[in-house]
Amino acid sequence: MTVKAFGETDMYDVIVIGAGHAGCEAGLAAARLGKKTLMLTISLESVAMMPCNPSIGGTGKGQLVREIDALGGEMGINIDKTFIQSRMLNATKGPAVHSPRAQADKQRYHEQMKHTLEKQENLILRQGEVTELLFEEPLRVTGVRLRTGAVYGGKTVILATGTYLNGRIHVSGFSWPSGPSGLTPSLILPENLKKNGFVLRKFKTGTPARVLSHTLDYSKLLEQKGDGNISPFSFMTDDPGENKRSCWLTWTNEKSHRIVAENIEKTAPYGGYTTGVGPRYCLSIEDKVSRFPDRRRHQLFLEPEGLSTEEVYVQGMSTSLPEHLQLAFYRSIEGLERAEISRYAYSIEYDCLDPLSLTGALEHREAKNLFCAGQINGSSGYEEAAAQGLMAGVNAVRRIDGKEPFVLDRSEAYIGVLIDDLTTKGTDEPYRIMTSRAEFRLALRQDNADIRLTEKGRGIGLASQDRHERYLRNKRETEEEMRRLGGVVVPAREAAEFLGRLGKTSAGTTDAPVTGASAISCGKTTLAALLKRPEVTYDNLREIDRDRPDVLAYARKQAEIQIKYEGYIDRQNKQIEKFKKLESKRIPQGTDYYSLNGLRPEAAQKLSDKRPVSIGQASRISGVSPADVNVLLIHLARKAEGGKRHGR
């Protein structure tokens, strides 16, 4: 047997640094696409860890998870196996903002994902701290070096380091180097990145304390049960099971706020102990009290962390107050008067890159073959990280194979919105996806993620044949049910009587229930036409749909949404067509923006720095006005005309 000499290199196609939610999806995607993949993490206990909220999904985030699943990712499958409570948020609103969310058994989530990685063909999961990226000139990554001196060569490398780079925990005026949940931080790698010309900046986030369940008085808390009819995250899950735990709701009060207000200078940010920029949409309790002094109370959600632990996460109360003041704060709240804390809240600062340094494929513009995913790109959240990880994994493989990058645009997916926002607009704070960021959100619903993306997932080789066949079956049944509903004729009198009965039973629940013969303007109607009415649902239509076949739940829901919102969907599709036209107008790389007559100097600078690939992308850059876009369009038109004259 030949023994390797020190310094000899093991070679891999893809090396993933980090095993959080971004790293997991990146490693699985690369391995499933047939590449020899190495995943390195400082601690195997950090695999798919949930150092903050023990949940997956939420507003905007649930859409991301369903898209990850539709493309062939793992997050949706994993949460379906390990959830303890599931809810559909915004269920009383329109389908554009329906968002699934599930509480996870966080230990089981970690264990299940780790086991999935360990079993994956072509993938090696290994504990080891990367301290150096290896480069060739010009700047092209060729591998990594570990703290032990071991060297691994890689055709591509994916940075998915989460909050570990120069991680530093703060509690009041005390701080120490640390990764999340007290794990070892990465202190050498960020210095190596700086040495190689990478510009790093500081962001921060925080996590609330955990309290022990048996020390809470549940008689004073408001129970929040899960949905009776559970909507799984994965399109591959047939029976997700049942809810196993409730969450609970309570509120802060004037005494709670007084404790914070009188001691606010003892927190890390207000005491001047931190410099990192925190998330705008996930405020600490000190920020809430300071910014909204007129608010008499704030909601706190008590969320169990699993079936085999007493720990309960207190959502809504992240802080860096001293420990004795944290305890006083909690015990000022109804139901928490005798609460015992198992883990105190803290704030964590970490280094990250400016995502404007990345292409839409998440490859670094200057360091070739280096991809970045997750919080290193300035995002926040497990779901945002996982989405980027999947796309980075796919594009690392396509870089090796010499294929065009796989990039989703804003009209195709929330993933496209997320990555386009980061790489085109940039972010000055931890970025969080929201439904309001998606201008085409009616088309990008969580329920139709497979319709939008499974064919694409199959095309790049990530979505399995089983997944694709299931998608085709669902699509076929939906189309058949829509045709049937459009073809079943209902006599006017029967329809009017049905609407009359429905109006009486739903009075006060709809804006304007129409009853009687006036509801029907002609001698007959169809089930589809009736379903378009706001007070009619697919379920209550059964009363006059006597020959209804046994239809998949998926097809029932899709048929109802597509029929009921047909006009709105058609209108949005026309908007998407206009968007696509601007996206299709490609800007030649190397364009000298400073030479274009009529282009403002600010716009020329922004365009030169960010190098957009299309007119659509250029129009979304801050500092580029509609007038500047017109200059670009005129330039492209002249260039095209010149090409025609010269026979090109």
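Domain bounds here come from an automatic or database domain assignment. For this protein chain the assignment gives domain 1 (8–205 + 350–460), domain 2 (210–345), domain 3 (477–574) and domain 4 (585–640). The model is predicted: local features need pLDDT of at least 70, side-chain atom pairs count only at pLDDT 80 or more, and totals for chains, interfaces and linings use all residues. Residues are numbered from 1 along each chain as its sequence is written, and side-chain values use heavy atoms, with hydrogens and water left out.

Start with domains 1 and 3. Their C-alpha centres lie 42 Å apart. Domain 1 gives 12 residues to the contact and domain 3 gives eight. Contact means heavy atoms within 4.5 Å.

Now the interior. A nonpolar core is a set of buried Ala, Val, Leu, Ile, Met, Phe, Trp, Tyr and Cys residues joined through side-chain atoms within 4.5 Å. Buried means under 20% relative accessible area, exposed over 50%, and partly exposed in between (1.4 Å probe, protein chains only). The largest nonpolar core has 92 residues. Ile15, Ile56, Tyr109, Leu133, Val144, Leu159 and Ile415 touch the most other members. Helix α9 (residues 382–400) supplies the largest share of this core, 10 residues. Helices (H or I, at least four residues) and strands (E, at least two) are DSSP runs, numbered from the N terminus. Domain 1 and domain 2 each provide at least three residues of this core.

Take Ile415 as a way in. Leaving aside neighbours within four places in sequence, Ile415 is in contact with Leu64, Glu67, Ile68, Leu71, Ala387, Met391 and Leu408. A second, separate core holds 23 residues, including Ala209, Val260, Met317 and Tyr330.

Helix α3 (residues 75–82) is mostly covered, with six of its eight residues buried. These are Met75, Gly76, Asn78, Ile79, Asp80 and Thr82.

What of the loops? Gln120 sits between α4 (106–119) and β6 (123–127). Gln120 counts as buried because its relative accessibility is 16%. Beyond neighbours within four places in sequence, Gln120 is in contact with Leu28, Ala31 and Arg32.

Some backbone geometry deserves a look. Most residues other than glycine have a negative phi, and most peptide bonds are trans. Ala48 has a phi near 50 degrees, a positive value in a residue other than glycine. Ala48 lies in the loop between β2 (37–41) and β3 (55–57). At 0% relative accessibility, Ala48 is therefore buried. Leu362 also has a positive phi, near 70 degrees. Leu362 is in the loop between β18 (346–353) and β19 (370–372). Its relative accessibility is 1%, so Leu362 counts as buried. The peptide bond from Glu137 to Pro138 is cis, with omega near -10 degrees. Pro138 belongs to the loop between β7 (130–136) and β8 (140–146).

Finish with a helix pair. The axes of α11 (residues 449–459) and α12 (residues 465–487) come within 10 Å and cross at roughly 145 degrees. Axes are lines fitted to C-alpha atoms, for helices over the stretch in contact, and angles run from 0 to 180 degrees between N-to-C directions. From α11, the contact includes Asp450, Ile451 and Arg458. From α12, it includes Arg467, His468 and Tyr471.
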